[in-house]
Amino acid sequence: MINGISINYYILLSAILFIIGAIGVMARRNSIIIFMCIELMLNAVNLLLVSFSTLHNDPKGQVFVFFVMAVAAAEVAVGLAILSMIYRNVKSIDTDLLSNLKN
Amino acid sequence: MIKLVGLVPLFPLIGFLINGFFGKKMSKSLSGLIACGAILASFVVSLLIFLEARHLPEHSQIVNLFSWINAGSLSIPFEFVVDPLSTWFLLIITGIGFLIHVYSTSYMHDDAGFSRFFTYLNLFVFFMLLLVLGNNFLIMFVGWEGVGLCSYLLIGFWFKNTDYNNAARKAFIMNRVGDLGFLLGIILIFVTFGSISFNEVFAKAGTVSESTITAIALLLFIGAMGKSAQIPLYTWLPDAMAGPTPVSALIHAATMVTAGVYMIVRSNVFYSISDVASEVVAIVGVATALFAATIGLFQNDIKKILAYSTVSQLGLMFLGLGVGAYSSSVFHVTTHAFFKALLFLGAGSVIHAMSGEQDIRKMGGLKGALPKTFLTMLLGTLAISGVPGLSGFFSKDEILAHVYEHSPVLWFFGMLASMLTVFYMFRLMFLTFWGGFRGTKEQHHHLHESPAAMTIPLIVLAILSVVGGLIGLPEFWHMPNFISNHLDPLILRKSPSTLKHETEWMLMGIAVAAAFTMIYFAYIVYRQKQTLPLKEGDKLPGLQKVIYNKYYVDEFYNAVITKPLDAISSVFYKFIDKGIIDGIVEGVGNSVKGIGSVVKLVQQGNISFYLITMMLSIVFILLFTFLI
């Protein structure tokens, strides 16, 4: 129990977030949305880590979350740079248009 | 000084490196100076070592330079041996080598590959020194292969000429046949004795069965056959005359071709134990001596005559080795190095004067124009003919006396070979230096004596050819036989001569009489009757035609070995190479290509598809991990 709320709800919330993210990644074609969905998945995991960390009174999980956030920030920097380059080249961020490597 | 024996091969190696890397940028005189200087330095060190080693109580010194091969139980140190035999060869190689280097500075002066020539020549001397200095069979083998390589490079020195390249290849391949025997011999030695160092192997030789020793001795002799041009592997040597003349003098007469003799003298322990092997050596030797001498009778190329003469003289040396006269053979190696180097260099001088002409049918009457060359070559010819007092007389006589003691039949054939030698050598001299000039007017106009750098080595060698015999005066003259005493500690079984003095005098008398008869005979044929060899394309009488064509041995080898090999290789090419090997290699490639063409359909370039695949795969992997 954390603040009177059962751990199950936390797990459920992060699972829902993760699935939303996963479906977004698979279903959408807009690169930025895909990108945001990836972030959503990452944060779903972060939420889970923090929850269990508090539950077990063990700070390791929270430390780990910091690492994940730091890496995610770096990844966003690179990812957005790639996206802007894609836009400059194709004038669009639709992933279906990115098929030049085929053939 | 003995500890510094490593310097002897080091100098030529340095000369080789300098000329090899910077030769093209240096002036010709500097390049020649470095090459000659390297050999001279080697010679001086060799001489000092020789003089010092003579006075040491123990005859054999081993100088360990470094540990060479260490692998498991196999340990081969890089050791040099300083003993009477190796120091003697050091003197021959560096001494004659130096004279020939000096000669070459002038002979090769107008050649574009001047520095390349000296690079190879220095490398050759380096390997030759390695060959005679090594204290185990492996170092000897390295030297052995190295001189073979240099021989190949120098025969094909003028590589723009296809015939010369073919001659070079022929020499190399024929030598490989012999080398295979040598290598197998070394392996058998290692398997039998567990070592390949000379001192260890020879000390244990008595403990092994005679048949093993015979096998080793015969395998080593196959190596010697290749390198020293004995039947059946001799045909490369006459063709090797394609190289520049100083090369013929140094490599194909004075030093490299005597490596076989050196090797057998070095392993005389084996041959003393195995009578069978000795007998084989003697018979092959006498057969080669006679066979090559007969071919020499009808050759018209001045260098080819000398080449066949070399083969014949080498045969004589092997005959001596076969009957156990090891020191006599080394003696003959020495005197032969003097007079054969002299004859080749003289021939080079003649060719130089004749603007490259080598056919003695187009020479004649050169003694006026080339007095120094003529006189020195005459002395060389007298020496090789065995005219009393000159070096060849003593060495040849010593061998033939030992042969007579062993078997009069072999002696008869050996004698016959040396008689033929006298005849064809004087044929060469009479046709070249006497009579009228038969070349073109232009050549006649160009005739000139060679410069001092060429004549001085000739004069030095002529002096050596004359007095060289003094190192081995016959024992029955009650004179000290220097060379025999010198090599004595190395020869395992040396039976004292049982010949009566009268017999020895008689043999000597026969040899002298035979030599003078043959000179007179040659004089009648080529001076009085003025006989000239028939021109190219003229019909020769039966037997003469066969001999003129060198008994068709080359054609025979061509038909029996080369053609079937070609046929077999074309079969292998068509079926094994094209069919099986190419099939496997291309099959692998094609199957990968085929699989790829199917699998590449998955890669359709749609990012969503990739992402979905990735997700589903992860889910699948997770399920798989948790459920199983």
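These are my notebook entries on what I looked up in this structure, which is a predicted model.

**Entry 1: chain B as a whole**

I began with chain B, in which I found 25 helices and two strands. I then looked up its extent, and the C-alpha atoms of chain B fill a box of roughly 110 × 65 × 50 Å along the principal axes. Chain B has 628 residues, of which 49% count as buried. I also noted that, among the contacts in chain B with a separation of 6 or more, 80% are between residues 24 or more positions apart.

**Entry 2: the nonpolar cores**

Which residues have the most contacts inside the largest nonpolar core? I read that this core has 194 residues, and that B:F124, B:M128, B:L129, B:L319 and B:A341 are the ones with the most contacts inside it. Helix 4 of chain B, residues 114–133, gives the most to this core, with 16 residues. Apart from this core I found another, of five residues, which includes A:V25, A:I34, A:F35 and A:C37.

I followed up B:L319 and, not counting residues up to four places away in sequence, found that B:L319 touches B:A282, B:G285, B:V286, B:A289, B:I399, B:V403, B:L410 and B:G414.

**Entry 3: helices 3 and 4 of chain B**

I next looked at how helix 3 of chain B, residues 84–107, packs with helix 4 of chain B, and noted an angle of about 170° with the axes 9 Å apart. Angles over 145 degrees count as roughly antiparallel, and helix 3 and helix 4 of chain B are therefore roughly antiparallel to each other. On the side of helix 3 of chain B, the residues that meet helix 4 include B:F89, B:L90 and B:I93, while on the side of helix 4 of chain B they include B:M128 and B:L129. By class, the residues of this contact divide into ten nonpolar, four polar and no charged.

**Entry 4: the strands of chain B**

How many bridges join strand 1 of chain B to strand 2 of chain B? I counted nine bridges between strand 1 and strand 2 (residues 74–82) of chain B, which run antiparallel. B:A71 stands opposite B:L74 in strand 2 of chain B, and the hairpin of these strands has two residues between them, with B:G72 taking a positive phi near 60°.

**Entry 5: two single residues**

I looked up B:Y164, which is placed in helix 6 of chain B, residues 162–193. Is B:Y164 buried or partly exposed? B:Y164 counts as partly exposed because it has 19 C-beta neighbours inside 10 Å, and a residue is buried if 20 or more lie within that distance. B:Y164 and B:A242 are 78 residues apart in sequence, yet 5.5 Å apart in space from C-alpha to C-alpha. Leaving aside neighbours within four places in sequence, the residues in contact with B:Y164 include B:F159 and B:A242.

I then turned to B:P388, in the loop between helix 16 (371–385) and helix 17 (391–406) of chain B. B:P388 is partly exposed, with 14 other C-beta atoms within 10 Å, and leaving aside neighbours within four places in sequence, B:P388 is in contact with B:F393 and B:V512. From B:P388 to B:S617 I noted 229 residues in sequence and 101 Å in space, C-alpha to C-alpha.

**Entry 6: chain A against chain B**

Last, I looked up the contact of the chains, which takes ten residues from chain A and eight residues from chain B. The side of chain A that touches chain B has five nonpolar, two polar and three charged residues.

Definitions and conventions
Residues are numbered from 1 along each chain as its sequence is written. Chains are lettered from A and ligands numbered from 1 in the order in which they are written. This is a predicted model: local features need pLDDT of at least 70, side-chain atom pairs count only at pLDDT 80 or more; totals for chains, interfaces and linings use all residues. Two residues are in contact if their C-beta atoms, placed from the backbone, lie within 7 Å. Ala, Val, Leu, Ile, Met, Phe, Trp, Tyr, Cys and Pro count as nonpolar, Asp, Glu, Lys and Arg as charged, and the others, Gly among them, as polar. A nonpolar core is a set of buried Ala, Val, Leu, Ile, Met, Phe, Trp, Tyr and Cys residues joined through C-beta atoms within 7 Å. A residue is buried if 20 or more other C-beta atoms lie within 10 Å of its own, exposed if 12 or fewer, and partly exposed in between; C-beta atoms are placed from the backbone. Helices (H or I, at least four residues) and strands (E, at least two) are DSSP runs, numbered from the N terminus. Axes are lines fitted to C-alpha atoms, for helices over the stretch in contact, and angles run from 0 to 180 degrees between N-to-C directions. Angles under 35 degrees count as roughly parallel, over 145 as roughly antiparallel, 65 to 115 as roughly perpendicular and the rest as oblique. Two strands pair if DSSP finds at least two bridges between them.
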